[in-house]
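Hello,

Here is the model I promised to pass on to you. Have a look at it first, and my notes follow below.

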Amino acid sequence: MKLWDKGISIDKKIEQFTVGNDREIDLHIAKYDVQASLAHAKMLAHIGLLTKEELFQLEQELTNISQQIEDDSFVIEPQFEDVHSKIEFELIKTLGDTGKKIHTARSRNDQVLVALHLFYKDHLKDIRIKAKTFFDTLLSLADTHQNTLLPGYTHLQVAMPSSFGLWFSAYAEVLIDDVYLLDAAIKTVDQNPLGSAAGYGSSFSIDREFTTKELNFSTLKFNVVAAQMSRGKSERTLAMALGSLCNTMARFAMDICLYNSQNFGFISFPDQLTTGSSIMPHKKNPDVFELIRGKCNKIQALYSEMVLITNNLPSGYHRDFQLLKENSIAAVEEVKDLLDIFNYAIQQIIVKEIDLNDDKYKHLFTVDSINNFVLEGLSFREAYQKIGKQVQDGTYKPNASKQHTHIGSLGNLCLDDIREKFPR
């Protein structure tokens with residue numbers, strides 16, 4: 001059954017190619033199509049295109065379908081093109097002519113669009129909650145380890161003193177920037193496109209404000225052409241937000257892999273969180289963080305994919321948009337899993353005491369030594385040259401007594417301020 005069936009057979013090869021794997025993908029948005037169909041039916045009754053009895057029957061059957069989706073017994077068989085045709089078939093099978101009325105004043109275009117908006121909005125909010133949990137974990141670790149020193153690096157060379165508190169809270173605060181973008185993505189999809197139909201509205205006097213309230217959208221996409229143009233734009237915004245969050249996680253995972261290696265030896269993890277080698281019995285590999293890094297980098301490529309699919313498409317609907325669904329939905333689900341596993345694993349980190357008297361760290365305090373000379377009256381340039389000469393001729397002796405106290409520095413992490421900064 002197809003929503004556009006006019007009684008003309010379609011070539012099976014063409015059908016298989018155009019449908020693709022929509023049936024599998026659409027299981028993710030099935031419950032949202034039911035929600036939108038229910039709101040649409042209520043609106044049709046509200047404007048007099050359905051009777052109270054017809055609405056009651058549709059509500060009952062849509063509730064039954066919703067329950068099947070909830071308990072995983074809902075199946076989209078091969079004879080159906082997508083979830084939308086499957087649900088309409090079930091309504092017609094049970095309710096006859098009443099079921100045939102559900103598609104009045106809507107198109108599959110806005111039907112897909114509203115289901116995707118609801119899916120994205122719902123799951124982005126879930127990702128935001130998980131990001132906050134991860135944020136809280138990092139601030140807790142920063143608080144616990146704020147006085148444990150860590151060498152800071154630039155160009156992967158020893159640079160200046162840092163701490164685990166500074167390291168953990170840096171990634172916590174960067175997460176806030178990612179949440180700003182998540183909030184922008186949520187705001188972008190929190191606009192009701194239902195009622196735009198095929199992209200040019202309907203000659204029925206539908207009530208779009210009614211469905212906006214029913215579906216708990218903050219506003220609607222007023223212009224019906226703009227509503228259809230949001231297909232692709234929403235996915236690009238979504239991909240940008242997810243990519244930003246994944247950039248943070250990928251960089252953090254890289255730090256962890258580096259600091260966990262024997263050459264650094266700053267951290268470790270319980271044996272049960274690591275994997276081994278088939279021939280090297282000593283190996284304890286941080287595979288979970290390597291996979292986080294790889295998966296996050298893959299998701300960061302999603303934005304380019306969304307741009308290339310939709311770039312320069314003229315206004316109106318195009319079948320290219322079908323290709324946006326699969327990887328956007330998969331990325332949303334993947335990011336939730338990545339946040340969960342990262343949060344789970346990082347809580348079990350073992351922070352090691354680092355001997356900063358080790359010869360390889362002796363230049364860690366050169367800037368502090370320069371600053372001490374400045375406080376004694378030398379100009380910065382003179383102090384720089386003096387310490388530089390000591391480094392060159394091997395006479396430099398580190399002095400680790402200097403305290404860093406300004407806002408956001410080693411001795412003043414401002415954890416409460418960072419916690420307060422997280423958008424409510």
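Helices (H or I, at least four residues) and strands (E, at least two) are DSSP runs, numbered from the N terminus. By that count the protein has 16 helices and 6 strands. Its radius of gyration (taken over C-alpha atoms) is 29 Å, well over the 22 Å that the globule rule (2.2 Å times the number of residues to the power 0.38) gives for 424 residues, so the protein is more spread out than a compact globule. The C-alpha trace spans about 95 × 55 × 40 Å along the principal axes.

Before the details, please keep in mind that this is a predicted model, where local features need pLDDT of at least 70 and side-chain atom pairs count only at pLDDT 80 or more, while totals for chains, interfaces and linings use all residues. Residues are numbered from 1 along each chain as its sequence is written, and side-chain values use heavy atoms, with hydrogens and water left out.

Some overall numbers: buried residues (under 20% relative accessible area, with exposed over 50% and partly exposed in between; 1.4 Å probe, protein chains only) make up 47% of the 424 residues. Contact means heavy atoms within 4.5 Å. Among contacts between residues at least 6 apart in sequence, 78% join residues at least 24 apart.

Now to helix H12, residues 302-310. Which of its residues are buried? They are Leu302, Met306, Ile309 and Thr310. These cover an arc (that of the directions from the helix axis to the C-beta atoms) of only 80° around the axis, which puts them on the same side of H12. What covers them includes helices H10 (224-260), H11 (287-300) and H13 (322-346). Just after H12, Asn312 takes a positive phi of about 70°.

Two single residues may also interest you. Asn109 has its place in helix H7 (residues 108-144) and, at 14% relative accessibility, counts as buried. Leaving aside residues up to four places away in sequence, Asn109 touches Ala197, Ala198, Gln228 and Tyr317.

Gly265 is found in the loop between H10 and strand E5 (267-268), and its 23% relative accessibility makes it partly exposed. With residues up to four places away in sequence again not counted, Gly265 touches Tyr259 and Lys352. The C-alpha atoms of Gly265 and Ile354 are separated by 8.4 Å, although the two residues are 89 apart along the chain.

Best wishes
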